[in-house]
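Subject: Pockets in the attached model

Dear colleague,

Here is the structure for your files. My notes on its pockets follow below.

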Amino acid sequence: SDIRAYKYNYIKEICENYDIAGFEMDFMRHPVLFQVDKTTPEQRKQIITDFIKSVRKVLDDTARDGQYRWLCVRIPYRSNINKFSYDDLGIDLPAWTAAGVDMVNMSAYYYTVQQTELTSVIKSIPDTPVYLELCHCTMSGKSLNKKGGDNYNFRRTTDEQYYTAAHLAYARGAAGVSAFNFVYYRQHGSAEDDRGPFNEPPFHIFKGLGDPEWLATQHYIYAKSWMFAMPMDFTEGAVKNFKMDMAPTKVAPKSLGRLRVQSDEDMTGSAWSVKVNGFELQHSDDKFEPYESPYTALLGDETTLRSWIVPKEILKNGYNDFEIKMDSGDKKVRISYIDLAVK
């Protein structure tokens with residue numbers, strides 16, 4: 001109760017003193033708000049819903065005559081994250097929209113992800129716009145020091161990966177996309193840390209992201225990130241399965257697709273096979289980036305990448321089944337990054 005009052009007073013001060021168009025309640029910094037062993041799902045949902053009602057009221061009470069102030073919530077892109085569910089976090093979207101939430105922003109914290117639960121969320125609140133948040137990276141690396149903070153390097157999100165994430169989001173019913181943490185393309189952190197190379201943020205992508213008819217790129221990613229079922233550890237004979245949601249574009253691909261897996265260590269001497277929708281793929285010697293990109297951090301090389309040719313006719317609209325097998329090898333291999341480009 002004291003904590004809620006403390007937070008509420010901050011929001012009230014902003015609403016009273018600034019000419020804002022609306023307010024986003026960020027349930028991602030950090031999403032674990034309750035001791036789940038000491039509260040029930042109903043209690044958690046009621047506490048958060050009542051707090052949202054109070055924020056809706058202060059937005060309305062402080063608005064200028066004729067002004068409407070929008071209320072958005074930023075929530076996890078999956079209903080189960082690090083062993084916590086929406087119930088554990090007090091998330092009840094139908095109750096929240098009834099309490100005055102105007103839009104929902106689905107986030108992967110500070111990653112760009114394409115495999116989301118947009119469809120089920122939109123189905124639960126069909127009259128409320130739902131957006132997918134896009135961020136500066138698709139994967140983070142190992143800690144560079146013990147000082148805390150963002151002390152690691154990032155695999156930056158490419159133009160094509162942004163476009164693919166937006167295309168898939170629109171195909172699944174999203175009202176649009178949002179952006180977060182674009183400043184992390186630029187220099188940050190200690191100068192002696194290997195966090196670069198750095199670049200200017202790709203502001204040029206926004207023109208295309210707002211045009212569903214224009215988006216035609218297909219560069220799908222399945223990578224290690226916070227709240228996600230990666231990495232995958234393999235030993236000889238191990239088989240791992242996963243699904244990847246894909247959506248065809250109006251521009252038909254002109255060539256074959258290419259699937260790549262990237263490991264954290266040298267894969268030399270190991271043999272691998274992959275099936276997609278039951279079809280066994282043919283190995284490819286072309287292992288490198290499918291699109292030109294200025295971002296070079298955390299990319300693979302000849303020793304950490306394997307690649308396969310993907311006939312476009314075996315892919316389908318919706319969830320595609322992937323099976324990866326380590327046929328032989330004398331050491332454990334950790335796969336942290338998988339991508340599929342269909343050009």
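Helices (H or I, at least four residues) and strands (E, at least two) are DSSP runs, numbered from the N terminus. The model is predicted: local features need pLDDT of at least 70 and side-chain atom pairs pLDDT 80 or more, while totals for chains, interfaces and linings use all residues. Residues are numbered from 1 along each chain as its sequence is written, and side-chain values use heavy atoms, without hydrogens and water.

A pocket is an open set of points, on a 1 Å grid over the protein atoms alone, where a 1.4 Å probe fits, with protein on both sides within 12 Å along at least five of seven lines; lining residues have an atom within 4 Å of a point. Points are joined across faces, edges and corners, and a volume is the space filled by probe spheres set on them.

The largest pocket holds about 610 Å³. Its lining has 20 residues, with K7, D26, F27, L33 and F51 nearest the centre. Two or more lining residues come from each of α1 (2-17), β1 (22-26) and α2 (41-62); α1 has the largest share, six. By class, 13 are nonpolar, two polar and five charged (nonpolar: Ala, Val, Leu, Ile, Met, Phe, Trp, Tyr, Cys and Pro; charged: Asp, Glu, Lys and Arg; polar: the others, Gly among them).

The second largest pocket holds about 300 Å³. Of its 15 lining residues, M139, G141, K142, D264 and L298 lie nearest the centre. β7 (137-143) and β13 (257-263) are the elements giving two or more, and β7 gives the most, four. This lining has three nonpolar, eight polar and four charged residues.

Regards
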